[in-house]
Every structure is written in C-alpha cells, then in structure tokens.
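Here is a quick tour of a two-chain model, for anyone who likes to see the geometry before setting up a calculation. Have a look at the structure first, then read on.

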There are 2 protein chains.
Amino acid sequence: MACSASAPSSAPTAAALVLLVLASFVCSCRSAPPDALVFKGQFLSLGVLNLMFFSYTSSYRSMLRHFTSLVSGPFNFESGGSAGSLPKLHLNPYSWSKVSSVIYLDSPVGVGLSYAKDKSKAYTTGDLQTAKDSHTFLLEWFQLYPEFQTNPFYIAGESYAGIYIPTLSHEVVRGINEEVKPTINFKVVKGFSYIAACGYMVGNSICDTVFDGNALVPFPHGMGLISDDMYKETSTACHRNYWNDSSDECRTALLNVDTVIAGLNIYDILEPCYHSKNTKKNDEVATAWLNNDSVRSAIHAEPASSIGPWVLCTNALLNFDHDAGSMVIYHKNLTSQGYRALNYSGDHDMCVPYTGTEAWTASLGYGIIDSWRPWIADEEVSGYTQVYENGLTFATIKGAGHTVPEYKPQEAFAFYSRWLTGSKL
Amino acid sequence: MACSASAPSSAPTAAALVLLVLASFVCSCRSAPPDALVFKGQFLSLGVLNLMFFSYTSSYRSMLRHFTSLVSGPFNFESGGSAGSLPKLHLNPYSWSKVSSVIYLDSPVGVGLSYAKDKSKAYTTGDLQTAKDSHTFLLEWFQLYPEFQTNPFYIAGESYAGIYIPTLSHEVVRGINEEVKPTINFKVVKGFSYIAACGYMVGNSICDTVFDGNALVPFPHGMGLISDDMYKETSTACHRNYWNDSSDECRTALLNVDTVIAGLNIYDILEPCYHSKNTKKNDEVATAWLNNDSVRSAIHAEPASSIGPWVLCTNALLNFDHDAGSMVIYHKNLTSQGYRALNYSGDHDMCVPYTGTEAWTASLGYGIIDSWRPWIADEEVSGYTQVYENGLTFATIKGAGHTVPEYKPQEAFAFYSRWLTGSKL
C-alpha cells in the first residue's frame, strides 16, 4: 500500500507501520522467530522498554508503567498483589496499535532482553552504530515479513530516542537513495501536499546540547520553581548561556538553581519524587514478569539461564559514545527533503523541557503555516501546537511529564492518530 | 490567652482564632444566635462561601467543593446520588479547625445566606464599607462570646478577600489603637521576635491593578500556554505593561494572548474547563443542601420563604464599589507595624497568578531573611517559600489552583499549621 493521506483503519490490519525505537536492540540482528507475536496483521514485538538507561538520575519512578504504557503499548499492567507475583495484563484502550502496526525495538544492543554473543565488541557502540544496527534490523525484519513492506512507515520515540530517531531516519533515507533492498516505505510522494509524506516523531527528545541545556533555567523559572530574582541573577551571571558554566559567578548561580530544584521529580515536576522506599516496589513487578520463564518463552526471549536476568538499569553499555552531535542538522535535512516531523513535549517535564524543543524547532527557520493555538481532545485544551513549512509540527501536551503516552494516554492517542493521517492536531 | 509562639493544641479548644473572610456578611450585624454551633470551644459558623461572586468568569467549576473544602472547613461533601438529594457530610481530615477555632463569615452583605432588611441602602457598598461592617460584626461577636477574646486572632482569606483582609486588618488595628471595646487580640508583642505577632494570610489574592495585571502575560508564557514568540511580541508591543492597553499594537497582541488561552480553566490551568453541560451538576447539590429547610434551621439561617433561596452567584451587589485602591500600602503599613503576613499562591492559578503576588511582595522592599527554598510536606517538595523581614512570608503551593486548600488540602493544612505557630514552612 502506498504512503497515502487516507486514515489508517482502526482494525488490526492497520495501514501505517510505526517503529518506536526506545530501548534495546536484539543483537546481531537475530531475526524475529517465525512464530513471533503476529496477530491478524499486527506484529507485537514486546521488546523491553529500558528508556531509563540513558536518563541522568537514579529516579526509577514507575518503571512498571514505563514498561507498558510508556509508548502506548497494547497492554497495561495491574499488579499481581503480592511481592514477586506476576502482574495481570489488560488491553490498553489508548494503544497506538489500534491505528497502526507497531514494532517496539530494544535498542541499542545490550539493554532490555537483547544480548550479543561477542559482548566485548558489540557493547562498545554509540549513536551512529546504533542507527546502522537498527537499519540492518529493519531490512531483515521486512525481508522476514514482506506483507508489511508496502505499508507507509513512520519512526517514533522519546527522550534519548531523540538521537535514535533522526539518525535512524537518516540511515533509512540513505538506504532508499542507494536502492538497498527491501525498500522501506519511508518516503515522500513528490507533488503531493506534506500529508502524503511519511516521517518521524520525537517526544521530549534530546536534540542539541545548547538548546536543551539553555532550557534548564527558563523552564523552572516559568514554572515557579526558582524565584524571579534567582532567574535574573542567573541570567546575568551566565549571560543566558546555561549549558556551559563559563565563569565562577555562573557556576555559583547554577549551583543555587540546582540546589533549589534538587528534590523534584524531574520527569514531572508535579509528581511525587519516588524515594528509595518506593523504588523497589515499582521495579519488583516488571522484574518478576520479565524474568518469568513462561513469559520469556512466550515473547521469544532467551531464558535468564542463558543470557542473564532482566534488570531495571543495565550497565552493559558503559562504552556507549554519544558521537552523533547535534540533531538540528538531521532535522533540517530530513524535513527539507519532505519528511514530516512532529516534535511533541509533555510541558511539565524538566528532563528535556518543552522550552528547548520549542526553541530548536523554531531555529530551523521555516515559515509558520498554522500559528500557535490550542489543540483539543475530548472538548478540552490538551496543549498547544504550531505548524511550520515542510510538514514540521511542534506540539505541547498540557500537564504531561517526560513520557507523554504514560501521563496522558487519551491525549497522546488523539494527537498520534491525527498526525499519522495528516489531519490537523 | 496571650498571642504566643506556642503551638496551638490540636484539641478542639484550639488557642488561635482565625477569621476567614470569604463571602457574605450577615447584614446589620445580627448577632450569632445563642445556640450557634459552638462545640467545646470551637465556633463553627457555617456561613455560605460564595467566593465566586467576585470572580471574573462564568466558570462555576466545582462550587460544591468550594463550599466545603475551599477554606479547609470541617466537612467534605459526598454527593447524595440522585439530582436534588442532600449530600452526605464527612469530617475533613485536613480541616483548619483542627488547629484553630475558625469563623467563616459571609461578606459583604447580600451574598450567601446573608441579607439586609433595607436592601437599597445596605447593598450599595464597597471595599471600605465592607471592612467597617466586618469590624462591627467582629466586635459584636466577641462581645457575645467573651471566652474567645483572649485567643490570639488571625485574619485570612483568598481571591477577592485579598482586598477584604488588609482593609479589615487596618480597621481592627485602628480599633485597637483607639481602644474600642472589646479589644480584639490582633496584636504585636513588642520586643519579641516576629513569631509572637498575630497577623493575616492572603491566598491567590487580588492586590494591585498593576502587579496583578502585569502578571497575566508572563504567567501563561512560563507555563507554556503562549509561545515564546508571542510573549516577545507582546512584551515589545506593550512595553511590558499589560494592565492598560496603551496602543493598538498592544491591544492586538493582548487579544491574541486572550484568544489562545480562552479555552482554559483559569482557576487551574491543568484542570478541565467545566462546560455548560457540567455546571448544573456542580451547582445542584450545594443548592439542594442550602435550600433545605432543616439545614437552614440547623445553621440558623433564615428560611428561604423569608429571605429567598440560596443561589450560586447573586447579583444583589451590582452596586459594589472597589474603592480601596491598591493593597500594597496596606500590606506595607501592617507588616511594618509588626503584623505577620503570609502571601501564598497556588502556582497553577491563572486568575491571580503567583507571579504578581511574588512581585508585589518583593516590592515592599524588605530584606530577605530566609532565601527562596522548597518547603516540604509528607517528604515531598510542596512549593517554594521566601521569608522577608517584618514577618512577611511568600509561599507557593506546587500544582495548586486558585483555592489552595481545595486543591491541596494536606499541604494547605501543613503550611497553615506551621505559619500559625511561627514555625518555618
């Protein structure tokens, strides 16, 4: 099926195929087993989401929820009750799989339930190698499941996947241009409006040291977490450059800011900060589930006896190199070629604040074709959006934290469905 | 009992007496009936809270909750189920009456269940007359209940009570200085630290046209409701003066801002905006309760047959004149005389944003004696606070809307209890 503007069916034979790169990549491009979870046209690779691997704090809040609803996956967990018991699975009414077939990919290699036989080599990796690995995986996957090849193909992810998505998109485009087979249907339909183009989505995504770093003082100021005086002092001391502490005055001012915001949950400033007393609880159910022999067998993961247990935060990738640099140039290249992009932000996230994403999106220099306005879901203002030339959309989700589909599943489903079909948010 | 720094008992014989002026005033200073709700030293005057009278929109969201928990009153409502049925009352675990005796006063005359025999005269009133009326009420009340006269006395309120509180405080101080009897124990203990002083609290309170008006653009900008570009354009067009639209450019820019934020719930930008479909529901239970003959008899209100039914928003006071001007000078006078003040703000309120309160508090020009820092309740950052000389405290409540005890009852109880005893927030 060609990449078209028609609404994908909500039936399981959804037209769009979306790849959400969020965590670990099954190493050496092992193909999915022939009896993988393919239900009536839907491929559900229950890859382990290990988003926290790239996070900068030790706050493990609600990883259980991350595991399931983080990317609006098909299931929600209900705790099994007692410690170590298996959780019950419920269908997620706002699963993105209702309007698209979704691959959840463990990436880079070494996280989640992925592994490599030659760890010493495979686990020394970085942004660019991860993009190449993911591209290789995709090519093999489409070879294995040719019935999906003609579906329009999108790429999406959150947080550090802000690096994975543009770099993988770049690899996919390069592959298409070099006529690598099978051809991935990540394409621009020339002569059509932008809604005919496939593309990518990044949510609360890391992009650029300067833009993201400079957002970290205006954001807490705007949210009332630092005082107006503290903001002015810090601005003056740092000359509005907060990402590199260039002077003693600036360092001192930034230290004051850090001290004042230290007790907050950076993934949602309004949520409680889960202290050590709660960490275990959130970790426990996911750990029990993913280390259960029957579960691992059902999702075609190797048994714990073979590759070791699933752990919340792996340190397998201590040699991961952030070698791709700023994503701004990737975004510019992709959007100027006609690939649609949606940069969305939960506006209460302090890990990758919307202020930085808003700034770097505007920095691409495109004209505005749909000015800043509220977007509505269920009759309520659910956030704000602005659409630029070249199919570039910025959107906030009001009241959402770092992982939007986790905090606002209904709203996330709404903007996802609309964007996928080329409708206005 | 003298106004002291000792913690008030949590027993019903609480030491502190707090007057919350929030709505309507029983006219002509009718004394409370001899069998008013006085329980073991607690006087619970269940005056009707009609805070919305002075609000600027027609959004009546959850007036039922306003009615009970708005000022951390002793009861919470549970809907009775069917339309028009009486709600069930539950004890509010975070009622401020647990650490203080509280008078809830319907003010000004004409709102709530209050009334005047000579409406034409009494209902033409304003800020200054309301303060005098409330003072008269207080003097008569203390005469009627002399056992409360020696309790340290505080005054508190929210929203438009930001006018009532300083003006009434001014009247009370004037009365004390003129040796009006009975003497209200709203006093400064000379030679002691500020914690020995009585004082007043205002929450998300109106204060000053310029400060409050100028907060209305930076606030939505900081909260991600208007874009960075829109903020810069408006700042430039209005020269950072948003309270009086001095030029066509400024008016246009402000109109754009208004359009963009129009669909929001101004009392809590993260809450749904209750549309007409829901208004009736929230109104219904309070209306049923307050127009029930037995309820009115129990709280010593005149029957509906005599003074008419209770209505959500009265238009009895169309001749109310905001004649007190800016409250900044009142705050300066009171605090410089040694009366303690707590200016607190739910930081997600867009009706009277914290940004304005933060600014006018700082404008009093006092030195900082406890710098901006988080304050903690139940092991979590519950907001931020900064303490100035002369017993002046500014505090935010993180994630709270316009009526803090309604949105964050536990946190409100914590800061209230602490402030009352002179403890650090």
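## A buried asparagine in a strand

Strands here are DSSP runs of E with at least two residues, numbered from the N terminus. On that basis, A:Asn343 sits in strand β9 of chain A, which covers residues 340-346. Keep in mind throughout that this is a predicted model.

Is A:Asn343 buried or exposed? With a relative accessible area of 0%, A:Asn343 is buried. Setting aside residues up to four places away in sequence, its contacts are A:Val202, A:Thr357, A:Trp360, A:Thr361, A:Leu392, A:Thr393, A:Phe394 and A:Ala395.

## The chain as a whole

Zooming out, chain A has 15 helices and twelve strands. It runs to 425 residues, and 59% of them are buried. As for how the chain meets itself, take the contacts in chain A with a separation of 6 or more: 73% of these join residues 24 or more positions apart.

## How the two copies are related

Two copies of a chain are related by a rotation about an axis and a shift along it.

The contact surface tells a matching story. Of the interface residues of chain A, 100% are interface residues in chain B as well, so the copies meet through the same surface.

## What the interface is made of

Each side brings 33 residues to the contact, from chain A and from chain B. About 2700 Å² is buried between chain A and chain B, with carbon and sulfur atoms giving 51% of that area. How many salt bridges are there between chain A and chain B? The count is zero. Polar contacts are another matter: the rule finds 17 residue pairs across the interface of chain A and chain B, both partners at pLDDT 80 or more.

On chain A, the elements that each supply at least two residues to the side touching chain B are α6 (218-222), α7 (228-238), α8 (248-261), α13 (354-363), β10 (368-377) and β11 (380-388). The largest share, three residues, comes from β11(A). Sorted by class, the side of chain A that touches chain B has 16 nonpolar, nine polar and eight charged residues.

## Helix α7, seen from chain B

Helix α7 of chain B (residues 228-238) has these buried residues: B:Met230, B:Tyr231, B:Thr234, B:Ser235, B:Ala237 and B:Cys238. What do the buried residues of α7(B) pack against? Their partners are α6 (218-222) and α8 (248-261) of chain B, together with β10 of chain A. Just after α7(B), B:His239 takes a positive phi of about 50°.

B:Thr130 counts as buried, at 3% relative accessibility. Leaving out neighbours within four places in sequence, B:Thr130 is in contact with B:Ser107, B:Pro108, B:Thr125, B:Tyr164 and B:Phe320.

## Salt bridges

Side chains of opposite charge can pair when their charged atoms come close. Over all chains, the rule gives twelve salt bridges. One of them joins A:Lys232 and A:Asp228, at 3.1 Å from N to O. Why are these two within reach of each other? A:Lys232 and A:Asp228 are four residues apart in helix α7 of chain A, which means about one helical turn separates them. Both ends are partly exposed: A:Lys232 has 47% relative accessibility, and A:Asp228 has 26%.

A:Glu178 forms a salt bridge with A:Arg174, the closest N and O atoms being 2.9 Å apart. A:Arg174 is partly exposed at 31% relative accessibility. The pair belongs to a network of salt bridges that links A:Lys132, A:Glu171, A:Arg174 and A:Glu178. Over in chain B, B:Arg373 and B:Asp370 form a salt bridge with closest N and O atoms 3.0 Å apart. Here B:Asp370 counts as buried, at 13% relative accessibility.

Technical notes: Residues numbered from 1 in each chain as written. Chains lettered and ligands numbered in written order. Predicted model: local features only at pLDDT ≥ 70, side-chain atom pairs only at ≥ 80, totals over all residues. Heavy atoms only, no water. Contact = heavy atoms within 4.5 Å. Buried area = accessible area lost by both parts, 1.4 Å probe. Salt bridge = Lys/Arg side-chain N within 4 Å of Asp/Glu carboxyl O. Polar contact = N/O pair within 3.5 Å; in protein donor to acceptor, adjacent residues only side chain to side chain. Nonpolar A, V, L, I, M, F, W, Y, C, P; charged D, E, K, R; others polar. Buried < 20%, exposed > 50% of the residue type's maximum accessible area, 1.4 Å probe, protein only.
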